[in-house]
Amino acid sequence: GRRAHELRLRALLEQGKCPEDGWDESTIELFLHELAIMDSNNFLGNCGVGEREGRVASGLVARRHYRLIHGIGRSGDISAVQPKAAGSSLLNKLTNSVILDIIKQAGVRTVTNCFVVPMATGMSLTLCFLTLRHKRPKAKYIIWPRIDQKSCFKSMITAGFEPVVIENVLEGDELRTDIEAVEAKVKALGAENILCVHSTTSCFAPRVPDRLEELAVICANYDIPHIVNNAYGVQSSKCMHLIQQGARVGRIDAFVQSLDKNFMVPVGGAIIAGFNESFIQEISKMYPGRASASPSLDVLITLLSLGASGYKQLLKERKEMFSYLSSELKKLADNHNERLLDTPHNPISLAMSLKNLDENNDAAVTQLGSMLFTRQVSGARVVPCGSVQTVNNYTFKGFMSHTNDYPCAYLNAASAIGIKKEDVDVFLRRLDKCLKTSRKETKKEESVNEKSNSNTGTEHLED
């Protein structure tokens, strides 16, 4: 019986790839136990006299981490092997290898290297920018096609660079990359003064993924690095295809994606991947100190449980649910005299106009968002027209809509990995009720206003 488990472990160690079929929990726990007893803190008769000996006061905490306490990496390199912690180091190496295999299977076939970093996407982007600083000491600008999401904007500020915001262009309902404006800004600032182009794949409709191929060509022509924010793009074959094509025709130095959004694990980790092995190694060496093994442990357990076939099945189901959500949301929009915005280039997020609410007032639009949230609908974003927000002394007009003046208010919904048909059906039922309630309340308000105005007019005549 043990030998059957060991054959699976041996295959993983030899191939470094995600097993095609998922493992059962007993195999995974045996594997983690085997790794843990390779760490010095778990040696029988170990005598630790250093300041970091993997001591844990709480048994509950120790069990939660499968007694893998030392973390990953060494003080100078997050990917380095730690002699005290052979098991944790092996865990780290295997996780990165399995993730690389999954990224290839998801569509970026020519990726050469990746590593899990125990920070979410924004800080991981910052790490990429700080690594580029040593290569381009004169550069102080980052060219950034606008996407209204705070963490990717703050990632540039935190790294000490000046974002150069390129406004999107409206094509039909879609907001797309202004390639001409990007190239004009490169010429105006001078390529040597630009740290990189910071583009985005996964985003909220009506913004769609950046024109990665064209941006990659510009970066190659002007010898400018290119960092892609692929936050939740691993789950989308279209986003991954864009990255593959961009690397094929031009230049992409690194692409960064979230662990929680793509692999359904707790927040706190990201993957930095790229096509130049030495550059990805440079980024890993830029990380100061050791790192938590929790994100690596979470994603490895998840992928071993699912197997490559299980993960691909989740991607297939996500795509099917996107089609279902799209068709059903269109029907609901038609019933309420609204429309599903036409955003064919966005493979994950959808948007439905809220013109009937918007024509009355912004309060009615934001109230709809509040109504949905109190009815336990999470993730749906309601975007009013013309809201202004200041982030790190930069003022964005029309914040959340990715442009200064989008033609209408709208509501977002996304088909992300793990979504079920039941989620879509419940969301649509609750949205339908909320829209009906909003319309009734708006009519009441109009009626009250009309009465108030007519009374005021009568009083004025009497006076």
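These legends accompany close-up views of a predicted model.

**View 1. A three-stranded open sheet in the predicted model.** The strand order is β10-β14-β11, and the pairing is antiparallel. From one strand to the next, the twist averages 25°.

**View 2. Pairing of β11 with β14.** Strand β14 covers residues 410-414. Three bridges join β11 and β14, in the antiparallel sense. Val-382 has Leu-411 in β14 as its bridge partner.

**View 3. Helix α12 across β10 and β14.** Helix α12 spans residues 294-335. The helix runs at about 0° to β10, one of the two strands that α12 lies across.

**View 4. Helix α14 across β11 and β14.** Residues 362-374 form helix α14. Its direction is at about 175° to β11.

**View 5. The largest cavity and its lining.** A search of the whole structure returns one cavity of 30 Å³ or more. The volume of the largest cavity is about 30 Å³. Its lining consists of Leu-314, Glu-317, Arg-318, Ala-416, Ile-417, Gly-418 and Ile-419. By residue class, the lining has four nonpolar, one polar and two charged members. Leu-314, Glu-317 and Arg-318 fall within helix α12 (residues 294-335).

Conventions. Residues are numbered from 1 along each chain as its sequence is written. This is a predicted model: local features need pLDDT of at least 70, side-chain atom pairs count only at pLDDT 80 or more; totals for chains, interfaces and linings use all residues. Side-chain values use heavy atoms; hydrogens and water are left out. Two strands pair if DSSP finds at least two bridges between them. Helices (H or I, at least four residues) and strands (E, at least two) are DSSP runs, numbered from the N terminus. Axes are lines fitted to C-alpha atoms, for helices over the stretch in contact, and angles run from 0 to 180 degrees between N-to-C directions. Contact means heavy atoms within 4.5 Å. On a 1 Å grid over the protein atoms alone, a cavity is a set of points where a 1.4 Å probe fits but cannot get out, and a pocket is an open set with protein on both sides within 12 Å along at least five of seven lines; lining residues have an atom within 4 Å of a point. Grid points are joined across faces, edges and corners, and a volume is the space filled by probe spheres set on the points. Ala, Val, Leu, Ile, Met, Phe, Trp, Tyr, Cys and Pro count as nonpolar, Asp, Glu, Lys and Arg as charged, and the others, Gly among them, as polar.
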